[in-house]
Amino acid sequence: MLAFELLLQGLVQGSIYALIAVGLTLVYGLLRILHVAHAGLFTLGGYIGVIVTNATGSLLLALLVAMPAMGLLGIGIYRTCYQPLLSRPPYVALIASIGLFIMMEELFRLIFGPYGLSFTAPPLQDTVAVFGVNLKEAELATMIGAVVLIGGLALLTLRTRIGTASRATVTDPKMAEAFGVNIGRIRDINFFVGSALAAAAGVMVALLNNLVEPTMGSVPSYKALAIIVLGGLGDLRGTLIAALALGVIEAYGTIYLGNLLDRDAIAFAFLIAVLMLRPQGLFGRA
Amino acid sequence: MAYEITLLTAMGIAVIFALSLNLITGFCGQISLGHAAFYGIGAYCAAMITKSGLPFPLALAAGFLLAGMIGVVVGLASLRVRHDFLAITTMGVGFLFLGIVRQQDFLGGEMGLSGIPSSGLSKPAFMALVLIIAAAVTAFSLYLKRSWMGYVFDSVADDEDTARMLGIDVARYKLAAFAMGTALAGLAGGLYAHNIRFIDPDSFGFVESITVLAMVVVGGIGSVWGVILAAAVLSVLPLWLQFISDYKLLLYGALLFTVMRFSPNGMAGMVAALKGRSKSTAPGGKA
């Protein structure tokens with residue numbers, strides 16, 4: 001029973017990782033930029049979620065505010081920070097992004113205070129039994145939410161003109177442009193969608209922990225980087241599998257290896273081991 | 001005077017640490033987001049040795065050697081993965097180091113190691129030692145840059161495949177860069193441990209890895225004088241900014257962002273632009 005419970009816990013954590021990492025991998029696929037500041041949008045999304053829910057009492061409304069707001073902010077970050085750096089070597093954008101992320105975390109601390117915010121009346125806190133395992137409603141909602149959002153993204157990429165144009169741009173930007181794809185718009189859309197998903201993840205984490213704090217993005221940010229590398233950088237399906245796998249491995253690892261390594265170290269030990277065996281990532285093509 | 005000594009000592013250690021990363025990232029073009037781990041390995045190793053009653057010079061040497069040896073192992077990773085993959089791998093090494101140290105009771109775990117014995121030197125003498133080592137590392141960097149090996153590093157940084165095609169044993173030179181850079185970081189760590197005489201895992205975390213990378217990048221990647229200047233400024237800036245300590249990290253992030261956004265070649269690039277010379281933007285660009 002413990003094994004099954006750990007599996008479910010791992011999948012909940014993995015769903016969160018997946019929502020964050022999908023945005024990162026969209027950006028990486030298009031621009032070859034490791035977008036560290038992405039986790040800043042995740043954090044801000046969480047804050048908006050808590051603040052709007054506390055003000056209006058509606059979690060759904062909070063999601064509907066947080067997601068588009070962060071989507072637009074994501075486009076803003078792309079236009080002001082990354083677009084001018086595209087012709088530079090990749091470390092330039094990476095370090096700029098790290099600087100931006102540090103600034104965002106500090107601004108959250110200065111604006112919202114160092115101790116974080118909680119829901120006044122936390123929604124979805126009852127437990128439900130799933131195959132004999134007690135889960136919080138919030139955990140169930142996280143998994144369902146992730147499936148719906150990522151399923152929607154999959155439909156968008158595979159079944160629509162925009163999705164086709166986006167995939168074409170990832171494969172060969174110049175050729176896509178020659179065929180009339182508006183590359184700038186594709187980039188905007190990808191930043192919007194990725195950032196909105198990060199915001200959703202932020203709201204879900206706020207719900208799971210009943211807490212948002214300025215630094216809640218740090219660890220997911222670095223871990224999401226590890227996940228997109230494991231998934232083969234820019235590969236959506238690989239990213240998804242890697243996110244869920246990492247969530248589960250952490251859940252088991254913390255129980256069985258907890259005395260040896262802490263949770264984050266387990267994740268990165270796994271990452272290093274995989275990269276040494278398969279330098280292109282678990283699902284990347286050589 | 002005591003304040004100036006503290007400042008100069010901190011500055012000197014930062015210069016050694018930054019120049020050590022400059023060998024790997026600046027000269028040889030191999031990005032590292034986990035360099036603070038080697039600083040930490042040197043610090044913990046040296047601290048454990050003086051704590052067991054052995055002399056300070058031996059501790060410094062041991063920190064230097066241990067960091068260099070582990071550095072070669074991590075360098076092996078740079079033979080397998082490149083660019084962004086290497087960045088993430090080295091970041092992982094940094095987190096792995098933290099995770100291991102936190103779980104080891106004999107290293108003080110989360111609480112850190114306190115009561116590290118004094119180096120036996122007075123504060124001014126310790127400062128002099130740090131500055132002499134910093135000068136030696138500077139001289140070594142300047143020499144290396146103009147040596148055969150420096151040119152090989154340049155070619156590896158510019159285009160690894162072409163370098164290999166020209167008959168250069170790329171693996172050997174990458175490992176050499178990692179060995180030298182990480183060993184010097186270990187040396188800086190040993191000095192740090194005996195300067196502050198207290199170390200904990202958080203002193204060697206991701207923020208420190210980014211800080212030292214910032215010194216290299218803000219200075220102008222590959223440029224010895226630029227990196228020294230940046231290390232000096234960025235190491236004392238937090239001390240000078242104590243009076244606005246609440247906004248310290250905010251300013252730091254803003255500085256990183258602004259330099260990258262508006263002058264990606266760092267201070268060395270700015271100086272070059274003022275002199276009206278055109279500059280390469282490649283990693284390891286000559287300055």
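Predicted model: local features only at pLDDT ≥ 70, side-chain atom pairs only at ≥ 80, totals over all residues.
Hi everyone! Let's begin with one helix, H8 of chain B. H8(B) covers residues 170-196, which makes 27 residues. From its first C-alpha to its last, H8(B) reaches 39 Å, close to the 39 Å expected at 1.5 Å a residue.

Now, what crosses H8(B)? Look at helix H6 of chain B, residues 148-158: the axes of H6(B) and H8(B) come within 10 Å and cross at roughly 105 degrees. Angles from 65 to 115 degrees count as roughly perpendicular, and therefore that is how we describe this pair. If you want to find the contact on screen, pick Val152(B), Phe153(B) and Val156(B) in H6(B), and you will see them meet Val170(B), Tyr173(B), Lys174(B) and Ala177(B) in H8(B). Sorted by class, the residues of this contact are 6 nonpolar, no polar and 1 charged.

Met1(B) sits in the segment before helix H1, which spans residues 2-27. Buried or exposed, what would you say for Met1(B)? Met1(B) has 7 C-beta neighbours inside 10 Å, so it counts as exposed. Between Met1(B) and Leu76(B) there are 75 residues in sequence and 45 Å in space, C-alpha to C-alpha.

Next, the place where the chains touch. Chain A brings 37 residues to the contact and chain B brings 38. On the chain A side, helices H4 (90-112), H9 (218-230) and H11 (263-277) each supply at least two residues. The largest share comes from H4(A), with 13 residues. By class, this side of chain A holds 31 nonpolar, 2 polar and 4 charged residues.

Finally, the inside. The largest nonpolar core has 196 residues, and those with the most contacts inside it include Leu19(A), Ile20(A), Ala18(B) and Met215(B). Which helix gives the most to this core? That is helix H8 of chain A, residues 183-209, with 16 residues.

Key: Residues numbered from 1 in each chain as written. Chains lettered and ligands numbered in written order. Helix = DSSP H or I, 4+ residues; strand = E, 2+ residues; numbered from the N terminus. Expected span 1.5 Å × (residues − 1). Buried ≥ 20, exposed ≤ 12 C-beta atoms within 10 Å, placed from the backbone. Contact = placed C-beta atoms within 7 Å. Nonpolar A, V, L, I, M, F, W, Y, C, P; charged D, E, K, R; others polar. Core = buried A, V, L, I, M, F, W, Y, C linked by C-beta atoms within 7 Å. Axes fitted to C-alpha atoms, helices over the stretch in contact; angles between N-to-C directions. Parallel < 35°, antiparallel > 145°, perpendicular 65-115°, else oblique.
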